[in-house]
Amino acid sequence: MFAPLLQNLRDRQPLVHAITNYVTANDCANLLLACGASPVMADDPDDAPQITAHAGGLVLNLGTLHRGTIPAMLACGRIAAQRGLPVVLDPVGVGASTLRTDTALQLLREVPIAVIRGNLSEVETLTRGHGGAPGVDSTQSITPDNLEGCGALARELARRTGAVVALTGAVDLVTDGDTLYCLHNGHPMMGSVTGTGCQLSCLVGAFAAANPDSLLSATAAAVSAMGLCGEIAHRRLGPEDGNGSYRTYLLDAVYRLTPDQLEKGARYELR
Amino acid sequence: MFAPLLQNLRDRQPLVHAITNYVTANDCANLLLACGASPVMADDPDDAPQITAHAGGLVLNLGTLHRGTIPAMLACGRIAAQRGLPVVLDPVGVGASTLRTDTALQLLREVPIAVIRGNLSEVETLTRGHGGAPGVDSTQSITPDNLEGCGALARELARRTGAVVALTGAVDLVTDGDTLYCLHNGHPMMGSVTGTGCQLSCLVGAFAAANPDSLLSATAAAVSAMGLCGEIAHRRLGPEDGNGSYRTYLLDAVYRLTPDQLEKGARYELR
Amino acid sequence: MFAPLLQNLRDRQPLVHAITNYVTANDCANLLLACGASPVMADDPDDAPQITAHAGGLVLNLGTLHRGTIPAMLACGRIAAQRGLPVVLDPVGVGASTLRTDTALQLLREVPIAVIRGNLSEVETLTRGHGGAPGVDSTQSITPDNLEGCGALARELARRTGAVVALTGAVDLVTDGDTLYCLHNGHPMMGSVTGTGCQLSCLVGAFAAANPDSLLSATAAAVSAMGLCGEIAHRRLGPEDGNGSYRTYLLDAVYRLTPDQLEKGARYELR
């Protein structure tokens, strides 16, 4: 079921505008190229809205948030709304600072967010108004043991916001508030490369831009694809390889991923 | 003919000051180190001009342009003019936003630009005042079929600005308004790595800083060297390698490139 | 003697807040993950202090310094002081511009810096109030020939500031003003990858955060570990590998480094 969604992405090559942090921007751009999309980054309020006007999708990432960038996020969100573009929100580190929490909540109020992609503490903060996010490369979070509660949390945020919610961790959940995908691809070593979450949010943006009428399954396909690539990259590791090589192999795997490979490798159930 | 220009670069190890975007800054710095130059990045108006005063060349790149950086670009351009340093302009995404177009035109008016390095839509915008640049990693552009018109366009921009113009794409053109190099090195996969254009502009800056009296041939040599490295990197790809590995192999190829290899591998004609 | 310090780092996995330049931020984050720490980057004055409040250590790096970031550095430094967190200062390019020199001196006055990590010209500038730093990836600096004078310089800066000083180059010195480690690990090719100095400063921050009561030996262990990884990475280079692959192998080596390997590979004497 995910194969045609990836095929659409490869065929349509959407331009994805990402307002994202400077730590992982290069990997995000290369990830977008790897999956078949085309990246463009711009975050000055005088520049970014015109860039969104050319794009097929918009990704807003709160890592290394600067106060001066917030007006650009809002303005680009409005352009996206006018043009019907899917907007992905990655609330990096929400809960760890007031600026990030306030900005995420403002974006949810003022911009029609299509997909929210975050880890457990970020999704918890957006849903309950509190939560803890000490780091941004958190690996402890959603696990097989707290799946029930996490599913309820993700559904609640989806219903309240109207967005598809992707709550990612050792297990990944994707829901529109009703249907819930429970996805089992991925490898713990993904947490040893900075920005795999940011990259996933961009991949979601690319899948959404290429499949704007199937946001739920497009998001689930992106989450599954990233996790599958994490597995493929891990199988390739040699005895001297560490997170440097793994970072490269991840991009390589996304570049080489075929619709057929995704179809066969995706492991998930609907709940 | 290109060999001594690369040899000069390896011998003189110029310090190149780049004001460039945060997406590709790391690759630009490593590219400069790979070719034998030394990189320095600084873009605050209170910091950057003093940095230019130590440098042998200046590269101005409009990717992720911030309004606050423009005064730094202008001030550094003035220092470069006073000291006779070659200035390379990479008008990333010009035509896609008013801020980028206005800034590029202002830089052309107020700073003595030595070399302009852009793709077809960027060169078109600077020459005709209009053009379309939906993405910044555009691969469609100049081809064997529109070579005649592209040559006229590049010559026109070179004559009007006094700069050497490098119009790059599937074929690359380098001209001072009179002599026109038509260069045939390169590989389409270079378009699947973000910032190969930015890296090329830095390589041009390094070649120009090491060969300030031969700007036309230095620019052609840089364009040829980058393309040749794209070919070398492509031959190295294994069955699991994608754009992640290709990015690494590109840097490796620049690091290993010898003057003799460049001399033998360069494919071009003068028109 | 360094083994338990690395073991503590692997066990305690400290969160390290880095305010660092956009050129090398990605490598710094991956280096922190490679060594077992967890990275977080934030530099907006409205965001960063709350991030420091969650962290176990703080790294302040002056590369691509922006005037707007200075209040964040000062505010985060005050939080770190209140909470007793070790603060590492990497005075990138100090001496090359007034803004960088003034900012470094202000930080030394207003923030209790635990460790200063710089090259010869940077340490000279901080100690004598003058010095030359044309580039930031300088490889010429401290050598076996000027070791005596460099040792005196590092000791003087340590005594004056109360910080541990790591003066790094072809040979590395680490001192608290009294004891002086003279360390001989490393490889010249580390100078061909941008930001190995920034990465080392983050590694120092991680070792210090995990060993706050042993700052001198923790700093020496970090310097030795980075140099040893530079040697391991160099042994791995194939005939086509250049600085692109070397960059990856460096991270891999840090990821794979064991306490036992560090203990056996560290080469240093006390003076």
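Mentor: Ile19(C) stands opposite Leu60(C), a residue of strand 3 of chain C. The model is a predicted one. Strand 3 covers residues 57–61 of chain C, and its pairing with strand 1 of chain C is parallel, over four bridges.

Strand 1 of chain C has another partner. Strand 2 of chain C, residues 38–41, runs parallel to strand 1 of chain C, and four bridges join the two. In this pairing Ala18(C) stands opposite Met41(C) of strand 2.

Next, burial. Strand 1 of chain C comprises residues 15–19, and because five of the five are buried, the strand is largely enclosed by the rest of the structure. The cut-off for buried is 20 or more other C-beta atoms within 10 Å of the residue's own. Side chains in a regular strand alternate between the two faces of the sheet. In strand 1 of chain C, one side carries Leu15(C), His17(C) and Ile19(C), while Val16(C) and Ala18(C) are on the other; all of these residues are buried, and both faces are covered.

To put the two pairings together: Ala18(C) faces Met41(C) in strand 2 of chain C, and Ile19(C) faces Leu60(C) in strand 3 of chain C.

Conventions:
Residues are numbered from 1 along each chain as its sequence is written. Chains are lettered from A and ligands numbered from 1 in the order in which they are written. This is a predicted model: local features need pLDDT of at least 70, side-chain atom pairs count only at pLDDT 80 or more; totals for chains, interfaces and linings use all residues. A residue is buried if 20 or more other C-beta atoms lie within 10 Å of its own, exposed if 12 or fewer, and partly exposed in between; C-beta atoms are placed from the backbone. Two strands pair if DSSP finds at least two bridges between them.
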